[in-house]
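Here are some notes for a colleague opening this structure for the first time.

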Amino acid sequence: MINEKRIRLLQKGDATSGPVIYWMSRDQRVHDNWALIFSQKLAIEKQKPLVVVFNLVPTFLEATIRQYGFMMRGLQQIEEELRKYNIPFFLTLGNPENEIPSLLNKINASALVSDFDPLKIKRIWKRNVAKKISIPFYEVDAHNIVPCLYVSNKVEFGAYTIRPKIHKALPEFLDEFPKLKKMKNFEVDYVSIDWEKAEQSLKINRDVKEVTWLKPGESSAQKVLKDFLENRFDSYSEDRNNPNKNALSNLSPYLHFGQISAQRVALTVEQFYSKHPSSKSFLEELIVRRELSDNFCYFNTKYDSFEGFPDWAKRTLNKHRKDKREFVYSLEEFEQAKTHEDLWNAAQLEMVKTGKMHGYMRMYWAKKILEWSKSPEEALKIAIYLNDKYELDGRDPNGYVGCAWSVGGVHDRAWTERPVFGKIRYMNYSGAKRKFDIDGYIRKFIT
Ligand code: FAD
Ligand code: FO1
């Protein structure tokens with residue numbers, strides 16, 4: 001059964017006799033997907049067909065062929081998997097504000113279900129689709145374990161304020177998923193998707209090469225989870241801040257594209273590793289930090305700008321605007337890893353080459369951009385641009401919060417005041433040197 005608190009009726013309407021449509025966007029998976037589960041429940045209750053649609057936009061924030069390639073391969077697997085359940089999967093191309101309403105009309109849809117996403121671009125898409133349709137329009141939070149809009153109705157100050165709210169609600173929401181049922185038959189006339197044409201419709205940068213070290217899709221995500229928990233979970237708690245160790249789960253690209261459910265990951269940890277020393281710190285990141293990002297992006301629409309920083313951070317950064325910057329780099333110099341510092345350059349190259357910079361280095365990397373940019377606004381812009389262009393897991397609430405935490409003290413507190421940073425937490429080379437073998441890390445990326 002699905003918990004009603006995961007479902008929001010965005011707009012009432014008159015149901016027709018046609019199919020129920022799940023407009024898949026954030027949660028790109030067949031199994032463990034509350035939005036799909038709810039859509040199927042609606043369809044079966046009303047004895048109507050169930051259809052899934054994904055609308056492919058020609059550009060999405062700074063995404064390149066690296067991220068689109070990963071996503072599209074995952075979507076192709078969804079088309080095949082859904083066929084086994086007699087659920088047609090449509091792919092529309094272009095602006096969802098036109099494509100979704102026209103598909104709904106074409107197949108005389110009786111209800112529309114979408115998945116929750118706090119990003120501005122998604123909320124605009126939905127608002128504009130809602131204006132053009134008159135059937136009931138639902139939204140299901142299939143991304144968070146405790147629904148974002150249930151946890152809190154305001155911007156939380158930090159992990160310490162949202163954590164108790166999440167932990168109190170976990171027993172109710174960390175529940176098992178019902179299995180997807182096979183529909184009676186394929187009830188709409190359907191042509192399989194021309195993926196070649198879809199790929200050609202993209203207007204994106206094709207120079208940022210796709211990665212091969214991580215296989216896209218729902219079943220690969222399950223394998224990565226299994227390998228991480230069985231073979232690498234032991235080192236997570238002690239080595240997760242060591243960029244030279246392969247201690248992280250590598251789940252973020254799959255979680256970003258919704259190719260795996262965070263709730264499934266948490267259920268697996270709870271069922272088989274609840275006593276494991278790494279569970280506490282891993283679940284803190286997976287549940288509290290991740291859901292804190294959705295909270296920030298939903299309730300603070302300035303999540304990607306200086307105005308979105310807490311007042312204390314704006315004050316202190318304004319006070320130090322005129323401080324002398326020892327180094328100032330342009331976007332190009334940062335992007336080409338041409339700063340004076342080998343450690344920073346190595347982190348930039350790790351991201352450019354692998355599509356996934358180590359979490360510890362991301363903090364260091366973004367804070368150095370603050371230190372070596374002419375203004376905090378410029379620093380935030382550069383950090384977000386590079387993060388969204390090269391990271392597989394970029395264009396995500398975690399990324400906007402990660403950059404805002406590093407540059408603007410979001411969810412952090414004030415530290416001892418210093419030039420340029422003011423009271424924003426500082427990180428430096430010697431601090432990194434104490435933590436791990438930086439020469440080993442540098443050698444990996446700077447030959
Ligand atoms: P693991 O440690 O195995 O974590 C498992 C999961 O927990 C992650 O996939 C993620 O969903 C969640 N998680 C872990 N750390 C954080 C965190 N600090 N905040 C929120 N959730 C977290 N994460 C992204 O998903 N996309 C981004 O674009 C992104 N950009 C970042 C930029 C900066 C400047 C900073 C400081 C952090 C950024 N993060 C981003 C957060 C974090 O670095 C990554 O989620 C993590 O490194 C992903 O690797 P993993 O899944 O192997 O990590
Ligand atoms: N969502 C869509 O509904 N259609 C797209 O074509 C699409 C492309 C895309 C490319 C890269 C990327 O990182 C995300 C993309 N998304 C797309 C959004 C994604 O599904 C996530 O919802 C958000 O990025 C995270 O909130």
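1. A definition comes first. A cavity here is a set of grid points, over the protein atoms alone, where a 1.4 Å probe fits but cannot get out. A molecule sits in a cavity if more than half of its atoms lie within 2 Å of its grid points. Keep in mind throughout that this is a predicted model.

2. Where is ligand 2 in these terms? The space that ligand 2 takes is the largest cavity. The largest share comes from E3, with 3 residues.

3. Which residues come nearest to ligand 2? There are 20 residues around this ligand, and the nearest are Ser25, Asp117, Lys122, His256 and Arg395. By class, the shell holds 11 nonpolar, 5 polar and 4 charged residues.

4. Look next at the polar contacts of ligand 2. A polar side-chain atom of Lys122 is 2.5 Å from an oxygen atom of the ligand. Ser25 uses its backbone: an N or O atom there lies 2.6 Å from a ligand 2 oxygen. Val57 also takes part through a polar backbone atom, at 2.9 Å from an oxygen of ligand 2. How much of ligand 2 does the protein bury? Taken alone, ligand 2 exposes 510 Å², and the protein buries 100% of that.

5. Now turn to ligand 1. It has 26 residues around it, of which Tyr236, Ser249, Asn250, Asn387 and Asp393 come nearest. The shell around ligand 1 divides into 9 nonpolar, 11 polar and 6 charged residues.

6. The contacts of ligand 1 can be checked one by one. A polar side-chain atom of Tyr236 sits 2.7 Å from an oxygen atom of ligand 1. The side chain of Asn398 has an N or O atom 3.2 Å from a ligand 1 oxygen. For Leu286, a backbone N or O atom is 3.5 Å from an oxygen atom of the ligand. On its own, ligand 1 has 820 Å² of accessible area, and the protein covers 92% of this.

7. Which elements build the shell around ligand 1? Helix H9 (252-256), helix H11 (279-299), helix H15 (359-371) and helix H17 (397-408) each give two or more residues. H11 gives the most, with 6 residues.

8. Last, the domains. The shell around ligand 2 takes at least three residues from each of domain 1 (1-185 + 192-301) and domain 2 (306-445).

Notes
Residues numbered from 1 in each chain as written. Chains lettered and ligands numbered in written order. Predicted model: local features only at pLDDT ≥ 70, side-chain atom pairs only at ≥ 80, totals over all residues. Heavy atoms only, no water. Near = heavy atom within 4 Å. Polar contact = N/O pair within 3.5 Å; in protein donor to acceptor, adjacent residues only side chain to side chain. Areas by Shrake-Rupley, 256 points an atom, 1.4 Å probe, with all protein chains shown as cover. 1 Å grid on protein atoms, 1.4 Å probe; cavity = no way out; pocket = protein on both sides within 12 Å on 5 of 7 lines; lining within 4 Å. Helix = DSSP H or I, 4+ residues; strand = E, 2+ residues; numbered from the N terminus. Nonpolar A, V, L, I, M, F, W, Y, C, P; charged D, E, K, R; others polar. Domains from an automatic or database assignment.
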